[in-house]
Amino acid sequence: MKTITTTQELADFCQAAAQTDYVTVDTEFLRERTYFSKLCLIQLAYRGDGETDAVLVDPLVEGLSLEPLYELFRDTSTVKVFHAARQDLEIFYVDGEVIPEPLFDTQVAAMVCGFGEQVGYETLVRKIAKQSLDKTSRFTDWSRRPLTDAQKTYALADVTHLRDIYEFLAAKLAKTGRDKWVAEEIRVLTNPETYRVEPEDAWKRVKTRTNSGKFMAIVRELARFREEYAQTRNIPRNRVFKDDALLEMASTKPASHKDLGRSRLLLREARKGDIADGILAAVKAGLEADPATYPKVQNGNDKVQVNPALADLLRVLLKAKSEEAGVAPKMIANAAELDAIAAGERDVPSLKGWRREVFGEDALLICEGKVALGAKGQKVKVIRLS
């Protein structure tokens, strides 16, 4: 198996791949000790007739540029095939501000083709390629060199079997006309906004039970500081301080380093230096924030009233429609969406695009009392009312 270690070798491979219909791509990376993923290995393959059609690329080699690969990513004549692409795409977007086009995600395609929710690569290899994978190298340290033969074999299998999986799924989608469904899902993956983490929005990931505007303003400022600090130093956000400590700070509102010293949850390193100064400044900014700028948090009085009987009917309809279409139910709608529809909300994903075709139209008719549900044997039938 060939490992590419020079820019010229990578350029030669990418030039050959550009002459084919598609290229399969995967990566190995580490993220435990950094904010941004550390790219450790890239696997590439196309459908060829020799050993050179599948290679490993070592991005840790000094002097190797990934620009030839990024040129291939920009070449719209060759489909770039990934499995569960999101993390891989984030790496390439952060490093080169490039998103491969056109893109095909076999995990998305497999869900549309009836292989279940969040189907794993190993399952597809077994069911489609009729092969088995040795997963013993899965959790090894990919940053260490040299790589073992076992690591290389494992890594290369992630793109060689992917060729068979892609060809099978692409053919099935074309036959069923569901390639448009996959295209809708892929648009999320190819949107740069998917990979941008804005510090001012970091508070939205912090789970809290309070609706206090001032409290949430402090949470917002603490989360913003933590995100900026983690990004600029490339360390995990939890290494700065964890969510429970953030909520403690928002509650106790420390005004001095002495106050920080009384914290039960703050790490020792966060009670001094730049982190401590940042926490105090963030708390102060939150306390002084204009009430008009407080984060808007839905409280109990704002929640729409869900019709529980209607929500139950929608759940039955979803199960019936997902079975009929051979698509995982959660790919069409989740429980929160069903409750929202039952409460009168109409701006939800399951009422748009291909989901509306499969489920949404009948869901709206149920809400309007124009159809009923009945049972025939083991199946649920939609009965239109006159």
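Figure 1. Asp-105 is placed in strand S6, which spans residues 103-105, in a model that is predicted. Although Asp-105 is buried, this residue has no salt bridge, and the nearest side chain of opposite charge, that of Arg-86, is 9.4 Å away. A polar atom of the Asp-105 side chain does, however, lie 3.0 Å from the backbone nitrogen of Ala-84. Leaving aside residues up to four places away in sequence, Asp-105 touches Phe-82, His-83, Ala-84 and Ala-85, together with Ile-186 and Leu-189.

**Figure 2. Helix H3 and the elements against which its buried residues pack.** Helix H3 covers residues 86-96, and its buried residues are Asp-88, Leu-89, Glu-90, Ile-91, Phe-92 and Tyr-93. These buried residues pack against strands S2, S3, S5 and S6, and also against helix H2 (67-74) and helix H7 (179-189). Just after H3, the backbone of Glu-97 takes a positive phi of about 50°.

Figure 3. Strand S2, comprising residues 22-30, is mostly covered, as 8 of its 9 residues are buried. With strand S5 (residues 79-82), S2 runs parallel, and 3 bridges join the two; in this pairing Tyr-22 stands opposite Val-79 of S5. With strand S3 (residues 38-45), by contrast, S2 pairs in the antiparallel sense over 7 bridges, and here Val-25 stands opposite Leu-44 of S3. S2, S3 and S5 are also among the elements against which the buried residues of H3 pack, so that this view may be read together with that of the helix.

**Figure 4. The hairpin formed by strands S7 and S8.** Strand S7 (residues 371-376) and strand S8 (residues 379-384) run antiparallel and are joined by 6 bridges. Val-371 stands opposite Arg-384 in S8. The hairpin has 2 residues between its strands, and Gly-377 takes a positive phi near 65° there.

Figure 5. Pro-146 is found in the loop between helix H5, residues 121-129, and helix H6, residues 149-176.

**Figure 6. Positive phi angles at Gln-118 and Asn-234.** Gln-118 is not a glycine, yet its phi is positive at about 50°; this residue is placed in the loop between helix H4 (106-112) and H5. Asn-234, also a residue other than glycine, has a positive phi near 50° and is found in the loop between helix H8, residues 213-233, and helix H9, residues 237-240. With a relative accessibility of 30%, Asn-234 counts as partly exposed.

Figure 7. A search of the whole structure finds 0 disulfides. For Cys-14, the closest cysteine sulfur is that of Cys-40, and because the two sulfur atoms are 19 Å apart, they are too far from each other for a bond; a disulfide would require them to be within 2.5 Å. Cys-14 is buried, with a relative accessible area of 5%, and Cys-113 is buried as well, with a value of 10%.

**Figure 8. The chain as the setting for the close-up views.** The chain contains 16 helices and 8 strands, and its C-alpha atoms fill a box of roughly 70 × 70 × 35 Å when taken along the principal axes. Of its 386 residues, 46% count as buried. Among the contacts in the chain between residues at least 6 apart in sequence, 62% join residues that are at least 24 apart.

Conventions: Residues are numbered from 1 along each chain as its sequence is written. This is a predicted model: local features need pLDDT of at least 70, side-chain atom pairs count only at pLDDT 80 or more; totals for chains, interfaces and linings use all residues. Side-chain values use heavy atoms; hydrogens and water are left out. Buried means under 20% relative accessible area, exposed over 50%, partly exposed in between (1.4 Å probe, protein chains only). Helices (H or I, at least four residues) and strands (E, at least two) are DSSP runs, numbered from the N terminus. Lys and Arg count as positive and Asp and Glu as negative; His and the chain ends are not counted. A salt bridge is a side-chain nitrogen of Lys or Arg within 4 Å of a carboxyl oxygen of Asp or Glu. A polar contact is a pair of N or O atoms within 3.5 Å; within protein, one must be able to donate a hydrogen and the other to accept it, and residues adjacent in sequence count only if both atoms are side-chain atoms. Contact means heavy atoms within 4.5 Å. Two strands pair if DSSP finds at least two bridges between them.
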